[in-house]
Amino acid sequence: MYYTQKELEALEAFSEYITVDRPYTDMDKTAYYSLHAHFKNLPSCVFSNRKLKNLFHFSKTQRGDNIHTDSGIVSCATKAGVNHIKFDWVFTKGDCLYKVEPPEKIVSASKLYNTLNKTKIISNPSWLKSRVYNEKEYIVLLEDVVGQKIEEWDNEEYEWKLV
């Protein structure tokens, strides 16, 4: 398959995004802040054709009742992905889970991963494949997100509390 230069640049930017644990701190700031612009240039093959009722987003810092990222995108997971993340991640007091109403245009991280492998932008790291498929990750534009905080981590009792 042929990709334009802008599509390849977008794929390259998102390859870095999905391969780091903490994009906000692990990515070059210029690359992180450009993700919003690159989202619009991603090839159509990475977008999901599934109609999802709800997605969920973890916020590592409490930001009131709003989802906010400096990159202009939000990573979300399905309910099954949330269960995997809750088991696998280390949380701190004030971390939140948001219920997100998915917009029409969402990137499937598994489709993105497969495309990155086909284009040889990344080699086939098994740990990344496992993470992407277990977390059932989707990426959406922040401007299209309608989200509501539904749970918060209570460090005192080590459990999630309904908000």
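These questions and answers look at how some descriptions of this structure are reached.

Q: How do you know which residues and atoms count here?
A: This is a predicted model, in which local features need pLDDT of at least 70 and side-chain atom pairs count only at pLDDT 80 or more, while totals for chains, interfaces and linings use all residues. Residues are numbered from 1 along each chain as its sequence is written, and side-chain values use heavy atoms, with hydrogens and water left out.

Q: How do you know that the span of helix H1 agrees with its 15 residues?
A: Helices (H or I, at least four residues) and strands (E, at least two) are DSSP runs, numbered from the N terminus. The expected span of a helix is 1.5 Å times one less than its number of residues. For H1 (residues 5–19) that gives 21 Å, and its end C-alpha atoms are 21 Å apart, so the two agree.

Q: What covers the buried residues of H1?
A: The buried residues of H1 include Leu-11, Phe-14 and Ile-18. Among the elements that cover the buried residues of H1 are helix H2 (23–26), helix H4 (35–39) and strand S2 (73–77).

Q: What makes Phe-58 and Phe-91 a tilted aromatic pair?
A: Rings of Phe, Tyr and Trp (its six-membered ring) pair if their centres lie within 6.5 Å; planes under 30 degrees apart count as stacked, over 60 as edge-to-face and the rest as tilted. The count by this rule is nine aromatic pairs. In the pair of Phe-58 and Phe-91 the centres are 5.3 Å apart and the planes are at 40 degrees, which is tilted. Phe-58 belongs to strand S1 (residues 55–59) and Phe-91 to the loop between helix H5 (79–88) and strand S3 (96–101), so the pair ties together parts 33 residues apart in sequence.

Q: Why is Phe-58 called buried?
A: Buried means under 20% relative accessible area, exposed over 50%, and partly exposed in between (1.4 Å probe, protein chains only). Phe-58 has 9%, so Phe-58 is buried. Phe-91, at 8%, therefore counts as buried.

Q: How do you know that the charged end of Lys-105 sits over the ring of Phe-47?
A: The rule asks for NZ of Lys or CZ of Arg within 6 Å of the ring centre and within 35 degrees of the ring normal. The charged end of Lys-105 sits over the ring of Phe-47, 4.7 Å from its centre. Phe-47 also forms one aromatic cluster with Phe-14, Tyr-17 and Phe-39.

Q: Why is H6 called roughly antiparallel to H7?
A: Axes are lines fitted to C-alpha atoms, for helices over the stretch in contact, and angles run from 0 to 180 degrees between N-to-C directions. Angles under 35 degrees count as roughly parallel, over 145 as roughly antiparallel, 65 to 115 as roughly perpendicular and the rest as oblique. The axes of H6 and H7 come within 9 Å and cross at roughly 155 degrees, so H6 is roughly antiparallel to H7. Residues making the contact (heavy atoms within 4.5 Å) include Tyr-113 of H6 and Val-132 of H7.
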